[in-house]
Amino acid sequence: MVSIQYVITDELGIHARPAGQLVKAASTCKCDVKVGTPENMVDAKRVMGVMRLALKQGDTLTMTFDGEDEKEAASTLENFLKENL
Amino acid sequence: MTKHYGKSIFPAVAIGKIKVIENLPHQAIETHAENSEEQWQLLLEAKAETDRQLEELFEKTSKELGEELANIIDVQRLMLSDGDLNDSLEEMIKIDSLSAAEATKRAGKEFSEFFASLDDPYMKARSADVLDVTNRLLAQLLGQGGQTTLYDSTVIVADDLMPSQTLTLDRKKIAAFALRKGSASSHTAILAKSMSIPCLVQTDIPTSLGTESDGKDAIVDGEDAVVYIEPDEAVLSEMQKKIKRLEKERAGLEKMRGLETITKSGKKISLNANIGGVGDLPAVLSNDAEGIGLFRSEFLYLDRNNYPSEDELFEAYRKVTEAMDGKQVIIRTLDIGADKKADYLNLDDEENPALGLRGIRVCIENEAVFNTQLRAIYRASAYGNVAIMFPMITSVWEVKHCKEQAAKIKEQLKNEGVKTGEPELGIMIETPAAVMISKDLAKEVAFFSVGTNDLTQYTLAIDRQNSKIDRFYDPHHPAVLEMLRLIAKSAIENGIWAGICGELGADPKLTKSFIEMGYTELSVSPGYILGLRELIREMA
């Protein structure tokens, strides 16, 4: 399993649009992708769960990847986070 | 004629015919179904069709209205295909033997309530998206996917519109929105602003006004936040004049941007904006305000279940202060009372809320609440030019008390090693008592800002909430103007500045008198700034 962490800099946090983009990006991975905080991780391929995290600017977000393309997936999503959040 | 009040999102005026839009399909639904496999197939087909409609709407919206609104639809498509929603529907249909329609209705309710329960106001507003997409699916299952036809100039009346509804409706025919619910961050509000049409939210239009009222005449006055249904001749002609004035103003005002507010004889006036929160900043900046003359800090305390934390307040104050980039931001300390209250504040119901525990009295009685706010303001003052203003003052001792409290907080922060600025301290003059002792009050503070709404109410003994006595309410009453003269005189004699932040400050009929009296600051809703600048620059 690979895990990455990211501090959200977008001033609106994970609002609807980036939540949608994040889910789309995660959905391209074959492996299991989870997102959230250590106490509350949700399936990153399901938009309702991701939006309900209501992560804000300054919050640290954790993502875990588990499965065959986990390394690749982690670097794709890391780039996504840097560009969009 | 009936008259209804709300909160205005965009200051335009429009006349049209009412179209009432109700949200849920009104049709009895079979709750259970015997053949669950058949129901599941029905659901999958309806989902595919709904997805197709949304895709079409997405294309149309991104072409006509741009990315931001189109993304709403895109997120809804993701919601429709969401795994959690799908699991929940499958369980209800296959295990609980519910009909596809009933399962959709229940899932929509459950998922939207979850969003509505979140603290974050943005996420709260997303519950509308969930309901929107599940209602669309439900309408599809019930065979009611039809279009709403509008009049050529339509005033839409609804609780709130579903995001996809606002995008599906024929926008060329929408003249205005009048919503019972909604907020400044709801989709309808965003759409109304982007279309520059009047939109009132949280109006008191009764729910009894249903589709049988379709076709009645209505006027939405976004400048004064009033909806008139079946307006009489007098109102109609007044509003037609107003529409003409607004059109003319908007065309001429653009050239005022970036100019100084100064009379021909060289009197410089600060034209500031009144705001309620961070959300008003775009309007402040786009209307070229010279500062914030009144930051109504109470909105950070209302519509919630507990006191805002010091950090939360600080963040809001800092954001506004930084956005204003060195221009003055005058934060009014908490101004609430029995007429504007939140449950957690535990304010008793009062027989005379206007004369009760309100304004500075609440802060003097609740030291902890006052101190938290003062700490947040002082911390924010390190980020720009902040001033503090105390509301509802009637006596000199209250001002001395507030100053002592402010000094204590400043000292406290200094000892903690926290950076602060040097905020000017001022007071609102909004009681006849404060006017009569304004000479003494002026010796205590750096500025006066006149709250004309309360001052008029207290001077004329008129309750502004009571529309039955409207004819006795005269904001130009000589008694009020005499008070304004006295306040300015006391300020000038004691070497402090005086401004006006009540509604009267934006009244172009009085601008000249105010400047002659000696006022050097006017703080108004952002939309009035450029108009007043033009007026002042033409004055001798």
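Please keep in mind that the model is predicted. Chain B has 540 residues, of which 44% are buried. Its secondary structure comes to 20 helices and 16 strands.

**Overall fold of chain B**
- Taking contacts in chain B between residues at least 6 apart in sequence, 69% join residues at least 24 apart.

**A look at helix H3 of chain B**
- Helix H3 of chain B covers residues 83-95, which is 13 residues.
- At 1.5 Å a residue, H3(B) should span 18 Å, and the 17 Å between its end C-alpha atoms agrees with that.
- The buried residues in H3(B) include B:Leu85, B:Leu89, B:Met92 and B:Ile93.
- These residues cover an arc of only 90 degrees around the axis, so they sit on the same side of H3(B).
- On the face turned away from the buried side of H3(B), you will find the exposed residues B:Asp87 and B:Ile95.
- Within chain B, the buried residues of H3(B) pack against helices H1 (36-64), H2 (67-80) and H4 (100-116); they also pack against helix H2 (47-52) of chain A.
- Just after H3(B) comes B:Ser97, with a positive phi of about 55 degrees.

**Where chain B meets chain A**
- Chain A brings 15 residues to the contact, and chain B brings 18 residues.
- On the chain B side, H2, H3, H4 and helix H5 (121-125) each supply at least two residues.
- H2(B) has the largest share of that side, with six residues.
- By class, the chain B side has 11 nonpolar, five charged and two polar residues.

**The nonpolar cores**
- The largest nonpolar core has 92 residues, and A:Val50, B:Ala178, B:Cys199 and B:Val220 touch the most other members.
- Helix H6 of chain B (residues 127-141) gives the most to this core, namely eight residues.
- Domain 1 (2-23 + 146-235) and domain 2 (36-141) of chain B both give residues to this core, so the core lies between them.
- A second, separate core has 78 residues, including B:Ile275, B:Ile292, B:Ile331 and B:Tyr378.
- For a closer look at B:Cys199, set aside its neighbours within four places in sequence: its contacts are then B:Ile9, B:Phe10, B:Ala176, B:Phe177, B:Thr188, B:Ala189, B:Ala192 and B:Gly222.

Methods:
Residues numbered from 1 in each chain as written. Chains lettered and ligands numbered in written order. Predicted model: local features only at pLDDT ≥ 70, side-chain atom pairs only at ≥ 80, totals over all residues. Helix = DSSP H or I, 4+ residues; strand = E, 2+ residues; numbered from the N terminus. Expected span 1.5 Å × (residues − 1). Buried ≥ 20, exposed ≤ 12 C-beta atoms within 10 Å, placed from the backbone. Arc of directions from axis to C-beta. Contact = placed C-beta atoms within 7 Å. Nonpolar A, V, L, I, M, F, W, Y, C, P; charged D, E, K, R; others polar. Core = buried A, V, L, I, M, F, W, Y, C linked by C-beta atoms within 7 Å. Domains from an automatic or database assignment.
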